[in-house]
Structure formats: C-alpha cells, structure tokens
Amino acid sequence: MSETTAHMHDDHDHGPASGIMRWITTTNHKDIGTLYLVFALLMFFVGGLMALVIRAELFMPGLQLVEPDFFNQMTTMHALVMIFGAVMPAFVGFANWMVPMMVGAPDMALPRMNNWSFWIIPFAFTMLLLPLVLGIFGIGGGGPASGWTLYPPLSLQTGDAFAFTIFAVHMLGISSIMGAINIIATILNMRAPDMTLLRMPLFVWTWLITAFLLIAVMPVLAGAVTMLLTDRFFGTTFFSAAGGGDPVMFQHIFWFFGHPEVYIMILPAFGIISEIIPTFARKPLFGYTSMVYATASIAFLSFIVWAHHMFTVGMPLGAEIYFMLATMMIAVPTGVKVFNWVTTMWKGAMTFETPMLWAISFVVLFTIGGFSGLMLAIVPVDFQYHDTYFVVAHFHYVLVTGAVFALIAGMYYWIPKWTGYMYNEKLGKWHFWLSTIFVNILFFPQHYLGLAGMPRRIPDYSVQFAEFNMISSIGAFGFGISQLLMVAVIWQCVRGGKKASARVWEGARGLEWTVPSPAPYHTFETPPAIDDSMVAHPDDLAH
Amino acid sequence: MSSLNQQQQKNRKLIRLLVLVSVGMFGFGFAMWPLYNVFCDITGFGGRGVQVAQASSLVTGTSDREVRITFDATVNSALPWDFKPAERQMTVRLGELSNAKYLALNTSNEAIAGHAIYNVTPPEASLYFVKTECFCFTEQLLQQGEAREMPVYFFVKTDLPANITDITLSYTFFRDSSDAGLTLTP
Ligand SMILES: [Cu+2]
C-alpha cells in the first residue's frame, strides 16, 4: 500500500495524508471503501471461525467440545457477525469504491458523514463481541445466545450481554442508514451530466434500490429492539403476554425488517454479477431495462411477504395462503434475472477468468438456493421443514454461494483497478475450485438432514444424522481453509505483480475502466464527457 | 462556485427528506403495536373477540347445535402453582350458559398473587364466545399451600359458523402483574 501511496504523491498535488491518521480522518471514498472491505474481510474470518466451532461440535453426535450455551452463543454471533460485520459492510465498501467512479462523480456526496458511517462500525462490533470474549475468559455470562432474530421471551433472558447487543444493533443501524443516505445522494445528485439514470451500470441501480430498502427497514429493526429494551428495563409489556402484549408481534415487526434485509444482502450481488457476466461474455447485458424493473419489483415485494418466516406461529388460513402466494411471486422477477444472465452468456465469446468462474457459480448455486426457498414458501411443506437444517441449507445457498460468492467475484473483477496489479490467476482459480467444491460438500447434505428432521440450533443430534453431519463438517473445514488462499491472493496483489492496464478486461465497459489502474486518489474532479463506448449498456440507450 | 452551492443545497434537501423517512419508519415500527391490536380485534386473534357481559343481555336464544369445548391450562415458570382444568372437555349447546372449573394450588410457602390471561382457538371462534364471570377478571391471591376452585361462566353464541365444531379455551397463569413474567431466572 505504501508503494501505491508514494506513487500517487508524484502525480497529484493533494494525495492522502500519511500514517494511521490517513485512515482515521479520511473522507476519500476510495480510502473508506478500502476500510470497509478490510473490516469485512476480518469479520468474515471471525464469523467463519464461529461457524467452524459449530461444525466441529456437530462433527459427531453427542456433546464433545463446547457447552450447549456456548454453542448457542456461536450460532447467534455467527449470524450477527456475518450479516452486519461481513456481508453488509463489504457491499458498502464496494459501493464506496465503485459508485462514484461508475457515475463520474469526484467523491461521495457527503464525505464527512461517510467517515462516520464507517468508524461507528468497529465500535459497534467491540460492544457486540465484548460479552462473548469476556465470557470465554470466564468473566460474565457470555454473549447473546437467543439466535440472531432475538425472539422474546427467550432473548429477554439474555444476561448482561443483552444491553450490549441492543446498543450494537442500534449503532450498526445508524451506520447503515447514514451510508444509505450517502449512496442515494451520490447517485441522484452527483452523476456526470451525461450519465442519465438508464445509462447507469446495474451495480449502481441495485445499490440505489438497496439503499432505499435500508432506509425503510433499518429504523423498523431499531424500533423492534428498542421495544425489547424497554420491555426488559423499563417495565413495558410490548411482547409480554402477561402484560397484554404479544411475543408474536415481535416476530411480525422483526421480519418486516428481516425479509427486506435479505434482499439488502443480495440485490448488490445481483448488480456485481450483472457487471461481470457481460464483460467475460463480451456481449452487452441482455435485457438491461428489465433487470432494473426486476430489481425494483423484488424490492417492492420484499415488504409484503414477511410472515413466510412464521407460518407455524398460528395464523389465519387466509393469511397463510396470501403470504405463500406473494412469496412465490418473487420467483418471477428473480427468474427474469437468471434468464437474462444466461441469455447474456448465450453465444457470447466467453472466457473463464476467475471473476467469471465465481459469477457462473453464483448463477447456478444461487438458483438452487432460490428453488429451496420456493419449497419453503409452500405452507404445508414449511410446517414440516420449519426450523430444520433444510432452512439452514436454503439460506446458506443464497447467502454464501449467493452474496459471498458475488462479493468474491467482484473482488477479483475490480482488484486490478484498486491495486494497479493483476492478481495471481492460478491461485485465484485454485481458490475458486476448492471453494465451490467444498461449499457444496458443506451445505448440500444439510438439505437431506433437514428433510429427515434434524432441527437447527441444537448442539447434539440423534445418530441417524451422523453421516451427513460428518460430511458437512469436512466441507466446512475445507471451505474455511480455502479462504486463506483469498488472503494470499489479495496480499500478493496489493504488493505487486503484473501491471494492470486501464481497461484491465478486454470486454469491460463502464467509466471505472477509463481511469488508469490503480485508480488515482481523486477521479472525475471534472465530470467526464460520456460516449456510448464508455457506457456499460449502450444497447438500451433511449435514442 | 455557485454550482457547488447549488449542489450542496440539493444534497441538503435530499438528506432532510431521507432522514425524515427513516425517522418515520422508526415510528412505523412502534405503530405496529396499535395496528396489531386492531388486527386482533377484527379477527379475534389472541382471544380478543371474547365478550364480557351479563348473562341476560346477550343470550339470543338457544339452539340444538352442540360444540365441544376443550380446556387447557399453563403456568408461567415464575409462578410456583399447580393449575389444571377440573374437566378436560365438555359439550355445550349453543346459547346455553355453562360453567367450568379450574383448580389452582399454591405449592410454595409464601402467599402469591397471580393473574390469568386467556386465548381461544380457532381465533374466529372468540368472536362468538361470551364470558359472564371468570377468575381471569381479577387478580387471584393464594396463601401458602392454599387450593382454590376457579369457575368460569360462559356461553357460545348461536350464530357460530357451521364449520367450527371444536373450541379450545386456554389459560396461562402469570405471577402478579407487577412482575410481568420477565424476571425468569435462567
Ligand atoms: Cu423472507
């Protein structure tokens, strides 16, 4: 990194400050993007380590390694860390790095707020992780163990970790909302004059819609956890049946946030994939406009399907049927997207560099996760599969081979632009193949476990589930260790390698490829003139 | 420079709007509380449809149709009581005032007050369920080791939809209301 910094000083009269203060005080969108990405990578390994504790315990039936309560802390914290620490910050990191460059803006609209959005997160995670870490050293009752969904009355029985968890969630929510406001302001107000809305790359479109989702639902989560907080400490009875409240209401409020939340984690992934596939198929994205509309429809539908997470709480039959059908409707716009990706590849002059491999793998494996989601949407089927490993398999297919694979694909795709060097293609391919094989060994058997009735979030299981659990655990360790290759690739690529050209990929289109690699510290200080050759989707220009 | 100011103004306007939206959505989270109550009142969810009345004021005649009532009892773990229905099931005629009994016993060595909340399934049935007297209307104080018979008087309205043939009346006893059942010891 110091090499690139020095290099930039030569070219520009106002490059970054040096030393640690550069990172603490920076308002530069590329610096902040890097901070987000590095933090997300760190949390990816923290959350991964927790997953490995879970899989190690589940390697054999019986209780071997950890106490059941600690196991519950692991399932809870694994989810919170991966969702709020790894996936969401990683996507915000991509947005920071790429959105201003993709729309021809000099920086984010609100650079100072941008600095705050990031620096809140490490503090929030200190709060979130502190009770767990202290618990490991025998101080206090350990971390939260009620599951990341924090359902009362169980979550209200959390020990000292309760207030820490709630305040961490509040801080993360504030950070996300600030980040979302910034992204919307950048996209709506900072575009180069020639960058009309329907010329925007799909990654920008998906982030615009995601940012609106964040603003709409993060405050609802904040409201829900605030009610938990007052129930616990101030004698309110929002969720206590004894006081006239209803614990089921928490589930309604939580999932009103929770379902859009899963799209917050997947829509930007759709955007990344929609950038990568055209580049390596050397064809413009098929159905650009329909992609925009499909994304918007998915976002809209996400607000009216929440109760499919709670079919078994006892709802009127009419409501169950409504939520079932509304949920299935989401398959239509999602199907449009998958169709468009496949059609973009159809008869394309395809090459299979590492980012493209990850993207294709995303399309296939995400679709599997989508189909198992459709199965879970069927009410009578869900009664059988609810809270089993089938659900675990489903959401890991959409979140690991979906969101995380897209993040990794995007990292390989843009890292030459970030560092100025080509990554090690051979190592990248090893990383890809090992990950793809192991991730299926890890999660595919969990479908069978779920169908056979193994419940989730339980540290022990009956011996009939032993084989599939052992296979799954082997896959988990293989997948986890494979990710060290990613660190090696990034490390190498930051330090040097083959010089990357400005365009990097032969078929790449979009403004980010018109600036040199590595991207200078300041780009597009005057808005660029844009012609069709620079735009990602010239086929859809409305003239 | 004026274009920069214009830009800043545009940003400010947008930010104000977006902050307003997020504050509004924070409020919406809380608005779910009254909305949920309205929903329950309309659908009869959570036993909300059950009416409390003088026997005479609501009886609309009896019919020959019968419905089976199942009685269910639960005690919150913070309350050291035994609590069960005297009879698990009974069959009643629609419109006919009936009476069922629950038995409660304080197994601890201190006097404890508890109060019961109830629910009716299927939820729709609660709209046709009328109570004229119930131990759940007031707080119940049991001395140490004291046992008590707790009656409930009720009838089911004659216009109960034909598809409902079984109704479950369920009670859960909590420790007195100053302690909303939240301070459970793990
Ligand atoms: Cu959902």
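How many residues does the contact take from chain B and from chain A? It takes 25 from chain B and 38 from chain A, with contact meaning heavy atoms within 4.5 Å. Before the close-ups, a quick note: this is a predicted model, where local features need pLDDT of at least 70, side-chain atom pairs count only at pLDDT 80 or more, and totals for chains, interfaces and linings use all residues. Residues are numbered from 1 along each chain as its sequence is written, chains are lettered from A and ligands numbered from 1 in the order in which they are written, and side-chain values use heavy atoms, leaving out hydrogens and water.

**View 1. Chain B meets chain A.** About 2800 Å² is buried between the two chains, with carbon and sulfur atoms giving 77% of that; buried area is the accessible area (1.4 Å probe) that two parts lose on being put together, summed over both. Four residue pairs are in polar contact across the interface of chain B and chain A (both at pLDDT 80 or more). Such a contact is a pair of N or O atoms within 3.5 Å; within protein, one must be able to donate a hydrogen and the other to accept it, and residues adjacent in sequence count only if both atoms are side-chain atoms. On the chain B side, the elements giving two or more residues are α1 (2-43) and β6 (112-121), and α1(B) gives the most, with 17 residues. Helices (H or I, at least four residues) and strands (E, at least two) are DSSP runs, numbered from the N terminus.

**View 2. Two domains within chain B.** Chain B splits into domain 1 (1-43) and domain 2 (48-179), with bounds from an automatic or database domain assignment. Their C-alpha centres lie 44 Å apart. Five residues of domain 1 and four of domain 2 make the contact. The buried area here is about 360 Å², 43% of it from carbon and sulfur atoms. C40(B), D41(B) and T43(B) supply 75% of what domain 1 buries against domain 2, more than any other three residues.

**View 3. An open sheet in chain B.** Five strands line up as β1-β7-β9-β5-β3, with mixed pairing; two strands pair if DSSP finds at least two bridges between them. β1 (51-52) and β3 (81-85) of chain B sit at the edges with a single partner strand each, so one side of each has no neighbour in the sheet.

**View 4. Strands β7 and β9 of chain B.** Five bridges join β7 (129-134) to β9 (147-156), and the two run antiparallel. Look for E133(B), which stands opposite Y153(B) in β9(B).
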